[in-house]
Amino acid sequence: MATLYTQQSKNISRTWFLMILFFIVVIAVGFVFGQAYNSPGILYFAIIFSIFMNVLSYWYSDKIVLAMYKSVLVTNESHPDLYNSVENLSITAGLPMPKVYVIPDPAPNAFATGRNKDHAAVAVTSGLLQILNKTELEGVLAHELAHIGNRDTLLSTVVIVLVGFIALLSNIFLRSAMWGGMRRDNDSKAGGVFILIGFIFAIFAPISVTLIQLAISRKREYLADASGALMTRYPEGLASALQKISQHSRPMMRANKATAHLFIANPFGGVGKRVSGLLATHPPAEDRIRILREMA
């Protein structure tokens with residue numbers, strides 16, 4: 001029988017496995033491209049540049065995402081119920097009080113961001129505040145605080161950057177190949193093999209890492225559901241909230257594919273359909289609701 005603790009343990013293990021696999025792909029792509037160009041320095045550049053991009057995203061990603069969605073900082077005076085709920089749940093979770101934002105958007109949704117628990121923010125849409133009751137809202141807020149406590153907010157940013165970097169390497173490789181920038185010792189079998197492997201990586205690596213990104217996102221949602229339910233001791237609150245959100249298929253006004261996985265629900269509508277399969281940024285709504293109700 002599933003419990004809050006077994007669910008968390010399984011998802012933590014799966015998330016670590018996917019992250020290790022992701023970094024192996026990054027190193028492999030840099031190595032193959034370096035061999036195809038007869039320039040081992042490309043591997044070092046790939047690693048150094050990815051670290052550099054991660055450092056930038058570590059410090060500024062939260063501000064960028066909040067600005068993208070026109071988020072408005074709220075206080076206890078402007079939104080007392082929302083503010084007090086976040087404050088009480090933060091105390092329960094043993095987390096510092098994050099900044100609280102409201103996104104002016106009628107589509108019900110929410111996300112958490114920030115580089116760590118001391119520099120975090122929770123944002124909810126105006127539409128979410130309109131359709132949820134107190135226990136449902138607490139379920140959603142606990143889910144987002146769980147992302148902060150589990151360090152998912154930093155993880156998701158790192159994944160975004162690495163996926164973008166892989167896509168950039170792939171694009172550079174294919175463009176340079178078209179303009180004759182490949183290694184000149186093509187008559188050697190080794191050179192030809194690495195060029196062929198380079199083409200394969202250039203075409204399939206972006207697809208593969210995107211699938212890994214989506215898989216990590218789905219596992220993170222399951223883990224945050226379990227952690228949030230543990231925090232409130234009332235899994236039905238979040239299950240009911242997800243059920244209401246899934247019935248509102250209206251997309252967000254500023255929905256963006258790059259940040260879609262940050263939200264508790266797909267910003268393009270719904271919280272995930274089973275038919276989406278590997279291409280879904282979120283697990284199917286019915287699966288999440290079923291697991292939460294089994295935990296109860």
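Helix α8 passes helix α9 in a left-handed crossing (left-handed if the near helix is turned anticlockwise from the far one by less than a right angle, right-handed if clockwise). The model is predicted: local features need pLDDT of at least 70 and side-chain atom pairs count only at pLDDT 80 or more, while totals for chains, interfaces and linings use all residues. Residues are numbered from 1 along each chain as its sequence is written, and side-chain values use heavy atoms, with hydrogens and water left out. Helices (H or I, at least four residues) and strands (E, at least two) are DSSP runs, numbered from the N terminus.

**Helices α8 and α9**

- The axes of α8 (residues 235–246) and α9 (residues 285–295) come within 8 Å and cross at roughly 160°; axes are lines fitted to C-alpha atoms, for helices over the stretch in contact, and angles run from 0 to 180 degrees between N-to-C directions.
- The pair is therefore roughly antiparallel (under 35 degrees is roughly parallel, over 145 roughly antiparallel, 65 to 115 roughly perpendicular and the rest oblique).
- On the α8 side the contact includes P235, E236 and L238, and on the α9 side it includes A285, R288 and I289; contact means heavy atoms within 4.5 Å.
- By class, the contact of α8 with α9 has eight nonpolar, three polar and three charged residues (Ala, Val, Leu, Ile, Met, Phe, Trp, Tyr, Cys and Pro are nonpolar, Asp, Glu, Lys and Arg charged, and the others, Gly among them, polar).

**Helices α3 and α5**

- The axes of α3 (residues 80–93) and α5 come within 10 Å and cross at roughly 50°, so α3 is oblique to α5.
- α3 passes α5 in a right-handed crossing.
- L82, S85, V86, L89 and S90 of α3 meet L137, E138, L141, A142 and L145 of α5.
- Seven nonpolar, two polar and one charged residues make up the contact of α3 with α5.

**Sheet**

- Four strands form an open sheet of mixed pairing, in the order β1-β2-β4-β3; two strands pair if DSSP finds at least two bridges between them.
- The edge strands, each pairing on one side only, are β1 (72–73) and β3 (110–116).
- β3 pairs with β4 (residues 119–125) in the antiparallel sense over six bridges.
- Helix α5 (residues 134–149) lies across β3 and β4 and runs at about 150° to β4.

**P106**

- P106 sits in the loop between β2 (99–103) and β3.
- Its relative accessibility is 36%, so P106 counts as partly exposed (buried is under 20% relative accessible area, exposed over 50%, partly exposed in between, with a 1.4 Å probe and protein chains only).
- Not counting residues up to four places away in sequence, P106 touches S126, G127, R250 and M253.
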